Amino acid sequence: MLVCEAVHALSQRATSATVNAIAQEVGIDQSGASRLIKSATAAGYLVMAASATDGRRREASLTSAGRSMLDQAHRWQEDIFLRLTEDWSDQKRHDFQQAMTDLIERSYAMDE
């Protein structure tokens with residue numbers, strides 16, 4: 001799940017999901033990321049292929065099974081969020097989600 005979420009997040013930012021990029025996204029070393037990628041690939045959630053721009057690099061992408069797993073996980077997360085905030089107003093819920101999104105985007109900008 002962790003490595004699939006990393007691949008998804010990188011693709012959302014139009015960043016190649018190389019082993020090193022995934023390692024940085026997850027906050028682990030390259031060899032640890034490589035093992036996670038291998039496991040997720042063996043489970044059918046990821047596929048590794050040569051980069052379209054640089055054939056020497058390999059990039060991960062989600063398979064349909066990987067996308068389905070993430071969709072289910074995101075639906076579960078949304079359900080839990082709604083349950084945790086059931087006594088919040090729609091505006092408070094929206095403001096919180098926007099603040100978290102702003103923080104995440106700022107953290108990506110710090111990495112550049």
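User: What makes the largest pocket a pocket, and how big is its volume?

Analyst: The volume is about 720 Å³. On a 1 Å grid over the protein atoms alone, a pocket is an open set of points with protein on both sides within 12 Å along at least five of seven lines, whereas a cavity is a set where a 1.4 Å probe fits but cannot get out. Grid points are joined across faces, edges and corners, and the volume is the space filled by probe spheres set on them. This is a predicted model: local features need pLDDT of at least 70, side-chain atom pairs count only at pLDDT 80 or more, and totals for chains, interfaces and linings use all residues. Residues are numbered from 1 along each chain as its sequence is written, and side-chain values use heavy atoms, leaving out hydrogens and water.

User: Which residues line the largest pocket, and where do they come from?

Analyst: Lining residues have an atom within 4 Å of a point. There are 20 of them, and Glu5, Gln77, Met100, Thr101 and Ile104 lie nearest the centre. Helices H1 (2-12), H2 (19-26), H4 (64-84) and H5 (90-111) each give two or more. H5 has the largest share, seven residues.

User: How is the lining of the largest pocket split by class?

Analyst: Nine residues are nonpolar, six polar and five charged. Ala, Val, Leu, Ile, Met, Phe, Trp, Tyr, Cys and Pro count as nonpolar, Asp, Glu, Lys and Arg as charged, and the others, Gly among them, as polar.

User: What makes a group of residues a nonpolar core, and which members touch the most others in the largest one?

Analyst: A core is a set of buried Ala, Val, Leu, Ile, Met, Phe, Trp, Tyr and Cys residues joined through side-chain atoms within 4.5 Å. Buried means under 20% relative accessible area, exposed over 50%, partly exposed in between (1.4 Å probe, protein chains only). The largest core has 19 residues, and Val3, Cys4, Val7, Ile22, Ile37, Leu46 and Ala60 touch the most other members. H1, H2, helix H3 (30-42), strand S1 (46-50), strand S2 (58-62) and H4 give two or more residues each. H1 gives the most, five.

User: What does Val7 contact beyond its neighbours within four places in sequence?

Analyst: Ala17, Ile22, Leu46, Ala60, Ser61 and Leu62. Contact means heavy atoms within 4.5 Å.

User: Why is the pair Glu25 and Arg13 called a salt bridge?

Analyst: The rule asks for a side-chain nitrogen of Lys or Arg within 4 Å of a carboxyl oxygen of Asp or Glu. The closest N and O atoms of Glu25 and Arg13 are 2.7 Å apart, so the pair qualifies. Glu25 sits in helix H2 and Arg13 in the loop between H1 and H2, twelve residues apart. Glu25, at 25% relative accessible area, is partly exposed, and so is Arg13, at 30%.

User: How do you know that Arg83 and Asp79 also form a salt bridge?

Analyst: Their N to O distance is 3.9 Å, and that falls within the cut-off. Both lie in helix H4, four residues apart, which means about one helical turn separates them. Arg83 is exposed at 54%, while Asp79 is partly exposed at 38%. The count comes to five salt bridges.
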